[in-house]
Amino acid sequence: MRPTQRLNQVVPPEHNPWETRGPWRFVPFARQLYGTYRRCVPLLGYAALRRLLAAGVPAFFHRPLEFLLTEELNPEEEKVVTAVEQVRAALISRGSEQVRYYTNPPRAESSQEVPPSVMVEERTANSISWRRIATISSVIPYWGTFLHLCAKAHGARTILELGSCAGISSCYLASSPSCEQFFTIEGSPYLASVATANLAQITDRATVLTASFDSALDELLPSLSTKLDCVFIDGHHEGSARLHYSQRVTPHMRPGSLMIWDDVQWSSDLWDAWQNFSRAQGVSCAINLGRFGLVIWDGVTSRGGYHDFSAFAGYWGKGKPRPGR
């Protein structure tokens with residue numbers, strides 16, 4: 001078998017937003033320091049990973065968390081990453097061409113009780129270039145690969161995503177060989193059509209629902225013939241909204257299922273919501289990665305284990321992500 005390759009040997013440099021984010025592009029020393037940090041991460045990270053597993057973190061997390069340390073891909077993983085990054089490349093090639101998108105989901109007319117912060121959401125259209133959609137708004141290769149490895153290692157068969165954007169994270173999740181049904185929700189009709197076309201290049205098992213999160217959940221959840229194995233919650237970056245959507249989907253998750261919150265350190269509001277949810281009844285295990293928050297849901301545990309692996313994924317405290325991540 002061909003030896004492993006590092007992620008940066010597989011993914012073109014322009015697919016990583018390092019060059020486009022803030023002052024880092026003007027500070028070569030910062031990049032050198034970051035490179036040194038990445039080379040040192042495995043030395044301490046493997047010991048931390050062993051401690052997590054010894055503390056009761058499910059064994060399937062070993063491979064995804066190991067990838068965060070090494071960024072190494074085996075040939076099968078490399079094939080998935082290459083396919084998804086070809087989809088991203090097609091978006092990047094459209095350059096500065098502008099696309100209209102919605103910054104917030106449409107107002108929901110839900111049968112469920114919705115917090116006031118969700119009900120006041122209005123559909124607000126902005127313009128953004130395809131290049132920024134592909135490199136800034138969409139999940140980057142490092143975290144996209146991690147999502148794929150989580151779904152694969154967990155053996156998730158039914159996967160739900162809230163917030164498709166152009167479908168890059170969707171493609172990574174739906175590429176899991178165990179995935180039988182993949183559902184993703186996007187409020188912008190134009191982005192939803194793009195996500196549909198992109199997913200069609202990867203799988204025939206995906207469905208894109210074009211609606212507000214609540215409206216789509218009203219339609220989808222009662223119709224499911226099986227429980228959810230994996231839920232990825234992106235989009236709506238308000239703590240009360242994240243808690244609301246989590247509370248809506250957890251009754252439809254099977255014991256031992258995986259939920260992933262995106263951008264848990266985006267703001268103090270989201271961080272507080274994550275701290276609340278990760279320690280809630282029904283969570284048997286929670287892991288903070290800085291960018292993502294992971295929970296194993298069983299619906300019964302009153303006080304599960306909470307673990308922090310964020311330093312080894314490049315997050316040094318709330319609101320301080322590593323450059324390019």
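Predicted model: local features only at pLDDT ≥ 70, side-chain atom pairs only at ≥ 80, totals over all residues.
Phe67, Tyr142, Trp143, Phe146, Phe232 and Phe292 are linked into a cluster by ring pairs. Across the whole structure, a search finds 14 aromatic pairs. The protein chain that carries them has twelve helices and twelve strands, and eight strands form an open sheet.

**The aromatic cluster**

- A pair of aromatic rings is described by two quantities, the distance of the centres and the angle of the planes.
- For Phe232 and Phe292, the ring centres are 5.7 Å apart and the planes stand at 80 degrees; because an angle over 60 degrees counts as edge-to-face, the pair is of that kind.
- Phe232 belongs to strand E8 and Phe292 to strand E11 (residues 292-297), so this pair ties together parts that lie 60 residues apart in sequence.
- Phe232 is buried, with a relative accessible area of 1%.
- Phe292 is buried as well, and its relative accessible area is 0%.

**The open sheet**

- The strands of the sheet follow the order E7-E6-E5-E8-E9-E11-E10-E12, and their pairing is mixed.
- Strand E7 (206-210) and strand E12 (305-308) stand at the edges; each has a single partner strand, so one side of each is left without a neighbour in the sheet.
- From one strand to the next, the twist averages 15 degrees.
- Strands of a sheet pair through backbone hydrogen bonds, in either a parallel or an antiparallel manner.

**Strand E8 and its partners**

- Strand E8 (residues 228-233) runs parallel to strand E5 (residues 158-162), and four bridges join the two.
- Within this pairing, Leu160 stands opposite Val231 of E8, while Leu162 has Ile233 as its bridge partner in E8.
- E8 also runs parallel to E9, to which five bridges join it.
- Phe232, a member of the aromatic cluster, stands opposite Ile260 in E9.
- E8 is mostly covered, with six of its six residues buried.

**Charges over rings**

- Arg242 lies over the face of Trp261, at 5.9 Å from the ring centre.
- The charged end of Arg279 sits over the ring of Tyr306, and the distance to the centre of that ring is 3.9 Å.

**Trp271 in helix H12**

- Trp271 has its place in helix H12 (residues 268-278).
- Trp271 has a relative accessibility of 15%; because the limit for a buried residue is under 20%, Trp271 counts as buried.
- Trp271 and Glu238 are 33 residues apart in sequence, and their C-alpha atoms are 9.7 Å apart in space.

**The chain as a whole**

- Of the 325 residues in the protein chain, 53% are buried.
- Among the contacts in the protein chain with a separation of 6 or more, 69% are accounted for by residues 24 or more positions apart.
- The protein chain exposes about 13800 Å², of which carbon and sulfur atoms supply 54%.

Conventions: Residues numbered from 1 in each chain as written. Heavy atoms only, no water. Pairing = 2+ DSSP bridges. Axes fitted to C-alpha atoms, helices over the stretch in contact; angles between N-to-C directions. Buried < 20%, exposed > 50% of the residue type's maximum accessible area, 1.4 Å probe, protein only. Contact = heavy atoms within 4.5 Å. Areas by Shrake-Rupley, 256 points an atom, 1.4 Å probe, with all protein chains shown as cover. Phe/Tyr/Trp six-rings, centres within 6.5 Å; stacked < 30°, edge-to-face > 60°. Lys NZ or Arg CZ within 6 Å of the ring centre and 35° of its normal.
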